[in-house]
Amino acid sequence: MRLVVVGDSLLDVDVEGTAERLCPDAPAPVLDVSAERARPGGAALAATMAARDGADVTLVSALADDEDGHRIRSLLEVPGVFGRSSAPTSVKTRLRCGGTSLARMDRGGGPSEPKATDDMLDAVLSADFVLASDYGRGLLRDERLRAVLTRVPVVWDPHPRGPAPVPGARLVTPNLAEATAFSGHSDAFEAAEELLSRWRSRAVVVTRGSGGAVLHCGGTPVAVPAPKVSVLDPCGAGDRFAVTAAARLAAGATPDEAVADAVLSAARFLADGGVSGMTATPMSTMDAVRARGGVVVATGGCFDVLHAGHVRMLRAARDLGDCLVVCLNSDASVRRLKGPERPVNRQADRVEVLRALGCVDEVVVFPEDTPERVLRDLRPDVWVKGGDYTAELLPETAVVRHWGGRTVVVPYHRGRSTTEILSRRG
């Protein structure tokens with residue numbers, strides 16, 4: 001089952017620290033920063049969640065050609081088809097202490113009407129199921145995109161500044177505040193009934209946080225209770241709900257089954273710490289290495305069936321610098337390179353295994369067949385390849401040389417390759 005998440009992507013940044021004193025010139029806490037972590041937000045967060053669930057997912061979004069837009073690309077774990085946004089990338093920075101937020105700083109965004117490209121429309125049409133993740137930045141207002149979305153099964157996660165869902169949506173998932181703003185009814189049951197008629201969708205579910213959810217499919221509404229959990233950080237719960245609901249509907253579940261599973265999934269997500277409990281890429285890793293004059297090393301490949309040859313190469317690469325970033329081919333990219341039977345291990349599993357290695361500091365998934373684009377985003381000091389290669393013949397060499405980097409080849413270990421391992425199995 002191929003899932004496409006289409007919508008507005010943001011950059012989320014958590015600045016973590018301790019607050020044990022007040023500012024001398026104002027009654028405001030001083031945050032002593034200990035770490036900064038960046039992650040894809042908005043539709044990109046929903047796509048990341050789906051990928052970590054094991055879905056074959058593609059992100060369709062519009063990104064600005066700015067530093068923050070490039071950072072979103074570098075953090076993505078999923079393949080994407082991207083259009084151009086004329087507005088600066090929206091960045092939400094939360095100042096956090098003790099598992100809770102002290103303040104949030106927003107920048108970027110602004111008026112924009114991004115247009116869906118033909119490639120974006122083709123990607124949506126090729127989906128078995130679609131999650132429309134609206135964050136009010138304008139992409140889901142595009143008329144051509146909306147016309148395409150009436151031709152595929154879609155779950156629509158709306159936004160108060162966004163358009164109405166397309167008619168015929170399998171499920172629309174507003175929270176109570178959104179449903180109240182859309183319908184004028186503060187009661188979840190009344191709001192669900194009104195919006196079901198107004199939006200002409202097959203089902204509407206109004207989520208109520210600890211109060212569970214109310215599902216309306218045209219008959220008697222269904223109240224779905226939520227388990228009691230301690231919530232410090234509710235950020236991302238709506239995305240978690242929508243992703244689970246879409247996946248369950250795509251797998252053939254009924255709306256009430258999908259909503260019940262989505263409520264439980266959101267509760268577990270919050271109990272595990274919300275977005276802060278997700279494995280996050282430290283924004284400071286590469287920056288901190290560079291700030292102290294260190295060397296950033298990158299390498300790349302499919303890393304499908306991890307074996308001793310891979311591990312030896314990764315250790316050798318890490319020994320060449322102070323930070324190792326692995327550029328990993330997406331599932332779709334591996335299929336194009338290796339054939340329809342590959343990869344053996346899905347993208348989310350390959351990311352998890354690589355991140356568990358002590359010699360790997362970061363993993364960045366790229367959807368293209370070759371890593372030139374992601375290299376331009378990361379700009380490593382050293383690019384490492386393992387195997388029988390001559391550095392000067394590699395296409396990446398010229399790319400890395402552009403900013404003063406160099407390409408290094410580490411020893412090839414004969415008899416240790418994924419292809420040989422799989423052939424012995426046969």
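User: Which residues of α7 does α1 meet?

Analyst: Happy to start there, keeping in mind that this is a predicted model. Helix α1 covers residues 43-52 and helix α7 covers residues 237-250. From the α1 side, L45, A46, M49 and A50 take part, and their partners in α7 are D239, R240 and V243.

User: Let's turn to α5 and α6. Is their crossing left-handed or right-handed?

Analyst: Helix α5 spans residues 176-183, and α6 spans 188-199. Their axes lie 9 Å apart and pack at an angle of about 55 degrees, so the pair is oblique. As for the hand of the crossing, α5 passes α6 in one that is left-handed.

User: Which residues of α6 make the contact with α5, and how does the contact divide by class?

Analyst: On the α5 side the contact is made by L176, A179, F182 and S183. On the α6 side it is made by A188, A191, E194, L195, R198 and W199. E194 and R198 are charged, since Glu and Arg belong to that class. By class, the contact has seven nonpolar, one polar and two charged residues.

User: Now for the open space. Which residues lie closest to the centre of the largest pocket?

Analyst: The largest pocket holds about 960 Å³ of space. Its lining is made up of 43 residues. The closest to the centre are P234, C235, G236, A237 and G238.

User: Which elements give two or more residues to that pocket's lining, and how does the lining divide by class?

Analyst: By class, the lining of the largest pocket has 18 nonpolar, 12 polar and 13 charged residues. Among the strands, β2 (9-22), β3 (29-42), β6 (91-97) and β7 (100-107) give two or more residues. The helices that do so are α7 and α8 (255-271).

User: Which element gives the most to the lining of the largest cavity?

Analyst: There are five cavities of 30 Å³ or more, and the largest has a volume of about 170 Å³. It is lined by 20 residues, with S9, A62, S85, P88 and R137 nearest its centre. The elements giving two or more residues are β2 and β4 (56-63). With three residues, the one that gives the most is β4.

User: Where is the residue that a cis peptide bond joins to R342?

Analyst: The bond joins R342 and P343, with omega about 5 degrees. P343 lies in the loop between α11 (331-338) and α12 (347-355).

How values were computed
Residues numbered from 1 in each chain as written. Predicted model: local features only at pLDDT ≥ 70, side-chain atom pairs only at ≥ 80, totals over all residues. Heavy atoms only, no water. Axes fitted to C-alpha atoms, helices over the stretch in contact; angles between N-to-C directions. Helix = DSSP H or I, 4+ residues; strand = E, 2+ residues; numbered from the N terminus. Contact = heavy atoms within 4.5 Å. 1 Å grid on protein atoms, 1.4 Å probe; cavity = no way out; pocket = protein on both sides within 12 Å on 5 of 7 lines; lining within 4 Å. Points joined across faces, edges and corners; volume = space filled by probe spheres on them. Parallel < 35°, antiparallel > 145°, perpendicular 65-115°, else oblique. Left-handed = near helix turned anticlockwise from the far one by under 90°.
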